[in-house]
Amino acid sequence: QLGDRAALYLASASLSLRQTNYQAADGALRKALSLEPQSSQIHLAWGTFYWLQKDLKNADQYFQKAAELAPLNAAVWLRWVDFKFNTGSGKEGRELLLQITRKMPDSTAAWTYLARLEFDSQNFLECSNIVQKILLQD
C-alpha cells in the first residue's frame with residue numbers, strides 16, 4: 001500500500017502520461033520512487049513511461065522490477081507479459097506465463113491468458129485442454 005504522498009505523485013504522473021507531458025511525469029515518478037523505492041506500482045508506472053516513449057530496454061527493466069516486487073498473483077506480472085507480447089517478445093511472454101502457472105497452478109488469470117494465446121494461434125485442442133484445467137479449479 002502506497003503512502004499518501006507517494007500515491008499523489010503516482011496519480012500526478014499517471015495524469016501527466018495521459019496528457020503526454022513526459023517531463024512532468026518524470027518529475028512526479030522520481031518523487032514517488034524516492035518515497036516508496038520498493039513499490040511495484042511505481043516501477044510499473046516507470047515501465048509504462050518508458051514504453052510510451054519507445055525505450056523498450058528501460059521499460060522491460062522496470063516491468064521486471066515491478067513483477068519481482070509484487071506477489072506472483074499480482075496483475076503486474078500479466079502487465080509485463082502484455083508488454084512482452086506487444087513488443088515482439090512473445091516467446092519471453094509465454095515463458096513468463098508458464099513460470100507463473102508452474103509456481104501457481106491455480107492462477108486462473110495466467111491460464112486464461114495462455115488459453116487465449118492458443119486460441120489466437122488456432123491451437124484449439126490445447127486451448128480446450130487449458131479451459132478444462134481452469135474449469136476443474138472451480
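## Burial and helix packing in a predicted model

Guide: Residue D26 lies in helix α2; helices are DSSP runs of H or I with at least four residues, numbered from the N terminus. This is a predicted model, in which local features need pLDDT of at least 70 and side-chain atom pairs count only at pLDDT 80 or more, while totals for chains, interfaces and linings use all residues. Residues are numbered from 1 along each chain, and side-chain values use heavy atoms, without hydrogens and water.

Visitor: Why is D26 called buried?

Guide: Buried means under 20% relative accessible area (exposed is over 50%, partly exposed in between, with a 1.4 Å probe and protein chains only). D26 has a relative accessible area of 19%, and therefore counts as buried.

Visitor: Which residues are in contact with D26, leaving aside its neighbours within four places in sequence?

Guide: They are W46 and F49; contact means heavy atoms within 4.5 Å.

Visitor: What makes α6 oblique to α7?

Guide: The two helices pack at an angle of about 140°, with their axes 9 Å apart. Axes are lines fitted to C-alpha atoms over the stretch in contact, and angles run from 0 to 180 degrees between N-to-C directions. Angles under 35 degrees count as roughly parallel, over 145 as roughly antiparallel, 65 to 115 as roughly perpendicular and the rest as oblique. The angle of about 140° belongs to the rest, so α6 is oblique to α7.

Visitor: Which residues of α6 and α7 make the contact?

Guide: R94, L97, L98, I100 and T101 of α6 meet A110, W111, Y113, L114, L117 and E118 of α7.
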